[in-house]
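Student: Hi! Could you walk me through this structure?
Tutor: Happy to, let's look together.
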Amino acid sequence: MSAKAISEQTGKEFLYKYIDPSVAVQDRVRYVNVTPATDLNLLAQQHPWLLSERLVVKPDQLIKRRGKLGLVGINLDLQGVKEWLKGHLMKEITVGRAKGVLKNFLIEPFVPHTQDEEFYVCIYATREGDHVLFYHEGGVEVGDVDAKAQRLTVTVDDKLSDAQVKEQLLTHVPDDKKDVLASFIVALFSLYEDLYFTYLEINPLVVTKDGVYVLDMAAKIDATADFICKAKWGDVEFPPPFGREAYPEEAYIADLDAKSGASLKLTLLNPQGRIWTMVAGGGASVVYSDTICDLGGVEELANYGEYSGAPSEQQTYDYAKTILSLMTREKHPQGKVLIIGGSIANFTNVAATFKGIVRAIKDYQGPLKEHEVSIFVRRGGPNYQEGLRVMGEVGKTTGIPIHVFGTETHMTAIVGMALGHRPIPNLPPVAVHTANFLLNANSSPMTPASSRTASFSEPKTTNDVTPPKKSKAGLPPAKATTLFSSHTKAIVWGMQTRAVQGMLDFDYVCSRDQPSVAAIVYPFTGDHKQKFYWGHKEILVPVYKNMADAMKKHPEVDVMISFASLRSAYDSTLEAMQYPQVHTIAIIAEGIPEAQTRKLIKIADEKGVTIIGPATVGGIKPGCFKIGNTGGMLDNILASKLYRPGSVAYVSRSGGMSNELNNIISRTTDGVYEGVAIGGDRYPGTTFMDHVLRYQETPGIKMIVVLGEIGGTDEYKICQGIKDNVITKPVVCWCIGTCATMFASEVQFGHAGACAHQASETAMAKNQALRDAGAYVPKSFDELGDVIKSVYDDLVAKGTIVPAQEVPPPTVPMDYSWARELGLIRKPASFMTSICDERGQELIYAGMAITEVFKEEMGIGGVLGLLWFQRRLPRYACQFIEMCLMVTADHGPAVSGAHNTIVCARAGKDLISSLTSGLLTIGDRFGGALDAAAKQFSKAFDSGMLPMEFVNKMKKDGKLIMGIGHRVKSINNPDMRVQILKDFVKQHFPSTQLLDYALEVEKITTSKKPNLILNVDGFIGVSFVDLLRTCGGFTRDEADEFVEIGALNGIFVLGRSMGFIGHYLDQKRLKQGLYRHPWDDISYVLPEHMSM
């Protein structure tokens, strides 16, 4: 949601800190917060002013009319405050229908003043601008300020001046206070704008000879502006409405939501309730709550929540396990029900999200059975058949009663089943996979385009875009009546390949001549071409780095679809509106600050541009054009007959519910002519009435469906339009959110705009007004389909609609990736891996989660054991590996590898090139003797050769013994690296047979020459063989295989890489120049035949 209430303390902190310092605001830093944890005896020490001032104490928990409720202690000393708190702290009270405990209080200085020094001021946001209300009387008895206050509207992007305030607001204020009040109100308005307030009320505002005092304050801020205001806001805590506790589980889900691109919401209403919901979609979640309340379940409804926006399997698992944990804490004598519902998804992979829910059900299967939980599931959308299958399977395997339904069942029918109001049908098994909808049984591979260029009931009507009506001189240009046609071309902002491919598939199945996507704008890459499918063949769509190039090269484009993030959507939309060719813009992003949205609306109105969104999936015009992911995948496009126009147009706020309307309308009428989801924000770019008027003027549309919702007053314009005969076509309308008036405390639903601020904004009031105006209004959402069918049948009977013969669409091949997702095909993998898996929520090393690796403190040696040897090695083995890396890390700059690295570094090469140059010298003569030594000594030992026999054989064969010999070290000047390793191995290894054998060989070789010692390479090689053979983690064959495939040389490569990097960094740090080898160190000789 966007507008969120803040505590009085937070609001005043913002005001005192950021209001213009020149304004005479008093008591800027004198206040104390008291909670049950506060030590009242320490208050005076921490805040000495408490002893010298008269005080006011009041609860700070979003309670309205505290004065009238007797919840304000006035003109008290500190002892009086303590006594007052004893009578109120942790006491339960009832405010309206909400019961709650008083636990958070504010203590401030008492301001002596007279009644005529009290004033009222309020600023609040609407679509057109911000309203400033002022009344020359304030306080508890202020009364109905809406009716009697002076009002001034500051339109979007306009400023407020002292003169305006004095002239329009302060007409009843004494002259000696006008200047002070005017400057304060102007500064307050500036603060309101700068800190993205949406509501700010001060009552009373006291003005004395000393200055301005803010006594009581209520405020809301636009939480979506956090990315703009974070520096000033800090970490804002949003308290729950009075009467509802703040649960840690709600905070956990809010944290998940903040870290995710998806939407995850949870509000606990009654944790002891028996009816729990886990609903996909902001609009659908409201509809399910409505239906539960309509069927008498309001007292037992435990929670409100929703998940949407394609959460991952892990995110859905985390969300589901939270709900399952909550619902299995207390038993209910009647058992419990869990409703896993949702509309037909547009782009969420239902199977993936359901797999997360299934994991949670398996984890909680014991408690679920113990608490006698029955689960009812209804869902549609991409891969929903597979999702329903796995959900049904888990019911069978766990013994939990799980009833599963798809799009053949009305969305909310499972509520009646769950509450015992309707029987649970035994439905035949649903189709196994999405592909069943994609396989066209019709023998004709193509359908004539002409059959789908007009309304299904009027084949001769064209769908070309009607140009905007010419506006009168001095007025802004009028907006187009028809937004899309079969020739519409769009630019997509953002690299949304799946959405673009969906649009192209829709174009193809509608038999469009050309793709609707002309180009993509993506600022994060250079200009290039992106490959997509057009039916069976591949095509290239140009991608541009900047919008100017795209618009210039594609003048035929008149639609922009913006997938820009909430942070960049404002700027990219502003840029798009600079081009006169653009008539329609769809903004998909959710969470754009309301102040920015209002500026976009104002500019769009001035330029005659239609904005769909923000926070929308878009819209669809069957047979012509669809925005992004609207309508879902091809299976739903075909099932809902969206490839050709029908006679019914709809407008809704919710994207998911728009797809549900596609389903309902296709089952009850000849289909959809056009549908738009205007978006769930408080200020959508276009309103219900904007589109209803378009539909009224479109000949092919015979009836209109509106799915309104709680919050706002747009639906009343439809009422007036019907009464004034501006709207003459039948309108079927239902406003969701009827449950809101049944809750004891305010609930913010999934959409930012779904919140009633006055009685007229409730869903019940709007439904009644629509009914009274002459719209067709069902009794509940359950009956919406029946009412649509009744109105449609009546139009058919009158001859207004003449259904045409159905013509099948062309087939569209399924993408390989989606076919694989559905399990329809298989293909051998290009790679196989068994050591690491990064696909899940957490990185896995050889079956061990990365968190466990750190929890067990496995270190580098342990990680190397997992990745190289696929084993969790003993602690001593991990230590030995780390010691090997340490002793092989470097051996000075003179060795060949370090020398090469240094030369490369000094030649100006980069780190990777220099490191590679050094690594390429590793071989039998330098560093690569580990494998060879291990093989030679193992072969000799395993064959039963005596050490002397081994030495003699190698001499006879003319071969060097790998791992024996050193240029500098000798029996008299031992290598301490070897000594350190030897001491460790002898102390910790279970057996050292091969090492002992190698040391016997060393005795023989050093007797001939002192430097023929067992060197580091040789020692590590033979010790590693002992480790692999005796640590208990490997068979003999496995141990030998690791030696054979070169694992041991990896120890030297890994260790010495540290040294090579060190040499590289050292040379760069020392700023060494290009290396040239000195002449006097080179022996220049002639070729041998010339010297003779």
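Tutor: We'll talk about a pair of helices and then a sheet.
Tutor: This is a predicted model, so local features need pLDDT of at least 70, side-chain atom pairs count only at pLDDT 80 or more, and totals for chains, interfaces and linings use all residues. Residues are numbered from 1 along each chain as its sequence is written, and side-chain values use heavy atoms, leaving out hydrogens and water.
Student: At what angle do helix α37 and helix α38 pack?
Tutor: Helix α37 (residues 1016–1030) and helix α38 (residues 1036–1044) pack at about 150 degrees, and their axes are 8 Å apart. Helices here are DSSP runs of H or I, at least four residues, and strands are runs of E, at least two, numbered from the N terminus. Axes are lines fitted to C-alpha atoms, for helices over the stretch in contact, and angles run from 0 to 180 degrees between N-to-C directions.
Student: So how are α37 and α38 oriented to each other?
Tutor: They are therefore roughly antiparallel, a label for angles over 145 degrees.
Student: Which residues make the contact?
Tutor: From α37 it's V1025, L1028 and R1029, and from α38 it's R1036, A1039, D1040, F1042 and V1043 (contact means heavy atoms within 4.5 Å).
Student: New topic: what's the strand order in the open sheet?
Tutor: The four strands go β15-β17-β18-β19, with parallel pairing; two strands pair if DSSP finds at least two bridges between them.
Student: Which are the edge strands?
Tutor: β15 (275–277) and β19 (402–405), each pairing on one side only.
Student: And how many bridges join β17 to β18?
Tutor: Five join β17 (residues 336–340) to β18 (residues 373–378), and I340 sits opposite V377 in β18.

Note on methods: Parallel < 35°, antiparallel > 145°, perpendicular 65-115°, else oblique.
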